[in-house]
Amino acid sequence: MTTLLQIHEPGETPAPHEEEKGIAIGIDLGTTNSVAAIAEQGKPEILRDLEGDGLIPSVVSYAGSDPVVGREAVIQQMRRPETVVSSVKRLMGRGAADLKSLSGTVPYEIHGDQQVGMVRLKVAGRVLSPVEVSADILRAIKARAEAALGKEVGQAVITVPAYFDDAARAATKDAAKLAGLDVLRLVNEPTAAALAYGLDHGAEGLYAVYDLGGGTFDISLLRLQQGVFQVLATGGDAALGGDDFDHALAEAALKAAAVQGPTLVEAKNLLLAARRTKEILTERDSAELFGTLGGHEFRQMVDRAAFDKLIEPMVAKTLRACRQVLEDAHVAASEVKGVVLVGGSTRVPLVRSMVAKFFGREPLSDINPDEVVAAGAALQAEALTRGGDTLLLDVIPLSLGIETVGGIVEKVIDRNTVIPVAKAQEFTTYQDGQTGMQIHIVQGERETVDACRSLGRFELTGIPPMAAGAARIRITFAVDADGLLTVSAQEKTTGVKAEIAVKPSYGLGEDEMADMLRDSLTHAREDMERRLLIEARVEAERMLLALDAALKSDGDLISPSDRAGIDAASGKVRKAMAGDDRDRIGAAVEALEKASHPFAQARMDRAMETALKGHSLDEVEASMATDRAE
Amino acid sequence: MSQSEHERFNQSPEAGPVAPCWSCKQPVAARALFCHACGAVQPPGQLDHFARLGVAPGFDLDLDRLEKQYLGFQRAMHPDRFVTKTAKERAIAESQAVSMNEAYETLKDPLRRAAYLLERAGKTAAVDKDQTVHDPELLMEAMEAREQLAEVATIDDLEKLQVEAGAKAIDLLAQLSKAFAVDDYEAANKAATRMKYWRKFLEESRARRAALEDAL
């Protein structure tokens, strides 16, 4: 159908063309794994790699000049753990002061002892903020999505744990911006899961979403009715997840082995081994945990009962949060119609059985707990850009307030309030002639400032001198649909104003952000060149290794002169690889291919001959496999 | 529209208060969500919570209808519907959604609804301010209940206290309804203050229950 005239409402810009902003995808940016998905006409589809795997490990290797994300980085992690960052989500929006509570759970070196701003990591000689590491993960996801879809991806709905505080949400949005993604909306992970599950199953009624990921735990209670997804209450723990199960196992193993101070490599490998053991224990009753400790090999049998005993206190902690959420919503566990399990850690049998016991019903298991969040995010991305009639009504997870005299918190917005929300409260001066006021914004449920999370401070100045208590300062907290807070203050008798978006103190400063963006723009072309160069080197390396293996097994097939030709060509490839000229590497590889062509032909003939002589197929395959050896 | 036409429109009894549309300058009713002339989304304006959600004012509300109205309005005004619009429209829609959330949160809760009705009638709602309670009977009851809560040792005993407090809250709801029906604001204020107390007590009892369960 052709449109003769495009008519749109005044004041409205027509929806941007896909070519301009790129298509919109949904991204579940997880602690352990990330998943991307796209929805078309209400049908979500997970974006997979060539092997059909939808999970991208949220692991970044900084061993080379360019960050490498995903499974390759996981392999690097075993070889050179000091160059690899994993579980960076646990550090999003975290300041140095938060590290105490995380100590032992983050196996990286922390840079300096800065008191302000987010922590910085020291990795392979670089100093990185968690935002930059997350941006590297998002860039890789974007690239994978673009490769899978054959189109530019410019916009995304990104999910965050419902229990993420303001600083962590702001940090996530910054990371997306750095990766060149326009964030359509930050959606809470359990809400996204409920959306995907609810739309797919036509579910109506009260549903609980129990989301135990690698590093975060969320519990949300939602009411689903006629396309409305209403979050009634949410709770959780932003620093509790399957990683902690691994740590418990690893610590128990260390204790059993009585080894003091393992090396960084040993510790990281032990954690990986613990994770494997945990995964095996979901299927079997016992598993072997092995690794190297103190330079010695070490093996230990772990049975499920012992594992359950280790993690039971952590699972119990999640159930306390479940109870709180039911209470906040004034709902009994028996009223919940279904429990949706999300996150890889819900595969742990003890988690399933304790959740089933708590809610008095078997949790729903007909969904893939790893992919449902990304599917929900994709559905929301489609609804936001193309229109849809589902309605998501979400809440803020933690109360917001300001510090008053004596370090006491005055709450301005209570937790579980529906967003967007704006609330104002009046405060006054407590000293005669006071002309300024420090406004300290905090988030949390406790009564005292030091037990809550500090989000930022700003100062309202220029209050005309008045008697104590005469000034009327109106402080407004506004939380938008992404769950992000803006605070403004105004002295009512004079109209003096101050405003901040609560970001600079824990996220990246605006200047820092602008610098990084500028850098990434100027370096975009360079980066591209560099990536192509690296790919050419990897390709050449692969060819050399395969050739070496073949020469070892079938070197007798070629004449000395052919052999000399191959060796010379190999030498040229090695020399080209050391340089920075991509075209030269390509040409050298091509020459090597030509030089080794007779050899390849001869090997093929021998393989055929062997097969025809009636040797077993296995032998043939083994000889063929050396061709592919890497 | 000329100045005099505008005035005539303003004075017509059906129209209610009007303001010019920010986009096309045509007059728009203050409660309109979109301009009838150009379709642009309109800012929330000064509206009574009841009027904003299109329900009749009063303490006795049909909560199902209230919810239906609220969800209907949110479906049209939620920021998710305006993601592809201009920054100005997004901001206006957001403030609409904020106003609707505030109206709904205030009206759906009987205690907050009572406080709002008192304020609307020009009475100071004691429940809204942290005023000293001048209700000797309540003070006595409160002290007694607090003591019982502090001494309770089993979950069964705690549940008995919770049931008692819950029954009191339900009874106060009926008192509020009766008081507002005859515009007896003094009685309403008294009942609201008591209700606030019992609600707080129920909250504390839940915390006590959690502590007891953890101790088990």
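**Entry 1. Surroundings of E410(A)**

I began with E410(A): leaving aside its neighbours within four places in sequence, this residue is in contact with G401(A), I402(A), T404(A), Q425(A) and F427(A). I note at the outset that the model is predicted. I placed E410(A) in strand 21 of chain A. I then looked up its accessibility, which is 32% in relative terms, so E410(A) counts as partly exposed. I also checked the spacing to L400(A), which is 10 residues away along the chain; the two C-alpha atoms are separated by 8.5 Å.

I followed the chain into the loop between strand 21 (408–413) and strand 22 (421–427) of chain A, where P420(A) lies. I found the peptide bond from I419(A) to P420(A) to be cis, with omega near 0 degrees. I placed N416(A) in the loop between strand 21 and strand 22 as well. N416(A) is not a glycine, yet I read a positive phi of about 65 degrees for it. Is N416(A) buried or exposed? I found a relative accessibility of 14% for N416(A), which counts as buried because the cut-off is under 20%.

**Entry 2. Q41(A)**

I looked up another residue with a positive phi, Q41(A), which is not a glycine and has a value of about 50 degrees. I located Q41(A) in the loop between strand 2 (33–40) and strand 3 (43–46) of chain A. Its relative accessibility is 76%, and I therefore recorded Q41(A) as exposed, the cut-off being over 50%.

**Entry 3. A sheet of 5 strands**

I traced an open sheet in chain A with the strand order 18-13-14-15-19 and mixed pairing. Which strands stand at the edges? I found strand 18 (338–342) and strand 19 (391–393) there; each has a single partner strand, so one side of each is left without a neighbour in the sheet. I noted an average twist of 25 degrees from one strand to the next.

I next took the pairs one by one. Strand 14 and strand 15 of chain A run antiparallel and are joined by 9 bridges. Within this pairing I noted L221(A), whose bridge partner in strand 15 is A233(A). I found that strand 14 and strand 15 form a hairpin with 2 residues between them. In that turn, Q226(A) has a positive phi of about 40 degrees.

On to strand 19 of chain A: I counted 3 bridges between it and strand 15 (residues 228–237), and these two strands run parallel. I found V228(A) opposite L391(A), the latter in strand 19.

How many residues of strand 15 of chain A are buried? I found 9 of the 10, so this strand is largely enclosed by the rest of the structure.

I then examined helix 9 (residues 304–328) of chain A, which lies across strand 13 (205–212), strand 14 (217–225) and strand 15. Its direction is at about 35 degrees to strand 14 of chain A.

**Entry 4. Cysteines**

C322(A) has a relative accessible area of 1% and is buried. C452(A) is buried too, with a relative accessible area of 12%.

**Entry 5. Chain A as a whole**

I counted 17 helices and 27 strands in chain A. Of its 630 residues, 50% are buried.

I turned to the interface last. The size of an interface is often given as the accessible area lost when the parts come together. For chain B and chain A I recorded about 2700 Å² buried between them, of which 49% is on carbon and sulfur atoms. Which three residues supply more than any other three of the area that chain B buries against chain A? I found R75(B), D80(B) and T84(B), which supply 20% of that area. I listed 28 residues from chain B and 37 residues from chain A in the contact.

Definitions and conventions: Residues numbered from 1 in each chain as written. Chains lettered and ligands numbered in written order. Predicted model: local features only at pLDDT ≥ 70, side-chain atom pairs only at ≥ 80, totals over all residues. Heavy atoms only, no water. Pairing = 2+ DSSP bridges. Helix = DSSP H or I, 4+ residues; strand = E, 2+ residues; numbered from the N terminus. Axes fitted to C-alpha atoms, helices over the stretch in contact; angles between N-to-C directions. Contact = heavy atoms within 4.5 Å. Buried < 20%, exposed > 50% of the residue type's maximum accessible area, 1.4 Å probe, protein only. Buried area = accessible area lost by both parts, 1.4 Å probe.
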